[in-house]
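Opening the notebook on this one.

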Amino acid sequence: MSGQKRRPLIAGNWKMNGLKIAGGRTLGAVIEGYDAGLRAKADLLVCPPATLVYAFAAAAVGSRVAIGAQTCHPEISGAHTGEIAAEMLADAGASYVIVGHSERRAFNGETDADVRARALAARRAGLTPIVCVGETREERDAGRALEVVGAQLAGSVPDGEGPLVVAYEPVWAIGTGLTPTEADVAEVHAFMRAQLRSRFGAAFADGVRLLYGGSVKPSNAAALLAVEDVDGALVGGASLVAADFLAIAAACPA
């Protein structure tokens, strides 16, 4: 790793999956499997649907498994039917929140400015935002991957030094079983680190964890997590299976 040593973070994004009883069993298995050996290697984070944040946070007390959410509204309160404020998530026990996931950018029309506002709201509430960036297949094929990621990074990451995680998730790799080459991942992560250093200085930028997300599974985790400047993973489908999620954490370099 360049710069200072960063502790890997393995984050599970459950998306719109998980009911109380079955989801609780999965979380219980994750907590049980997060033994001393795994705790020495990586931090674990589970981001269930908002309906489960409070119950999961209560169940995870004392386990060192962190609980997060999948989005938040920029405002503290108000006439925003169906939305949830970052302060509400913190009140429910969350410590992280994903913002700007490609699915929300695509299906909910979230812009870089929207993502930045959500990240600021997360910081306001004492949560760590996980800011997601990534290019489409068409953008990569056109040789624009770094241009797109750079623009999203500049527009989505708030000014000022505060808690921050960035996740690179090439849109074309999410849920498809496809992954970029290790060289491609290394290029994007090195670029993101350089952009953060240029904007914030090395002292801050070298402490930001950069996650890779996009069809991460036990069979490819070790190779991806060994890439320079990859400080963990944002895991989708594999995080719904406790054994797979724990195996990805176990693949973190010692």
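First thing I asked: are helix 6 and helix 8 roughly parallel or oblique to each other? They are oblique, since the class covers whatever is left after under 35 degrees (roughly parallel), over 145 (roughly antiparallel) and 65 to 115 (roughly perpendicular).

Before going on, a note on provenance: this is a predicted model, where local features need pLDDT of at least 70, side-chain atom pairs count only at pLDDT 80 or more, and totals for chains, interfaces and linings use all residues. Numbering starts from 1 along each chain as its sequence is written, and side-chain values use heavy atoms, with hydrogens and water left out.

**Helix pair.** I looked up the numbers: helix 6 (residues 112-124) packs with helix 8 at about 45°, axes 7 Å apart. Helices here are DSSP runs of H or I with at least four residues, strands are E runs of at least two, both numbered from the N terminus. Axes are lines fitted to C-alpha atoms, for helices over the stretch in contact, and angles run from 0 to 180 degrees between N-to-C directions. On the helix 6 side I listed Asp112, Ala113, Val115, Arg116 and Ala119, which meet Ala151, Gln152, Ala154, Gly155 and Ser156 of helix 8 (contact is heavy atoms within 4.5 Å).

Eight strands close into a barrel, order 1-2-3-4-5-6-7-8, with parallel pairing; a pair needs at least two DSSP bridges. The twist averages 25° from one strand to the next. I checked strand 4 (residues 96-99) against strand 5 (residues 128-133): four bridges join them, and they run parallel. Tyr96 sits opposite Thr128 in strand 5. Helix 8 (residues 145-156) packs on the sheet, touching strand 5 and strand 6 (165-168), and its direction makes about 150° with that of strand 5.

**Pocket lining.** Helix 5 (residues 102-107) gives the most to the lining of the largest pocket, three residues.
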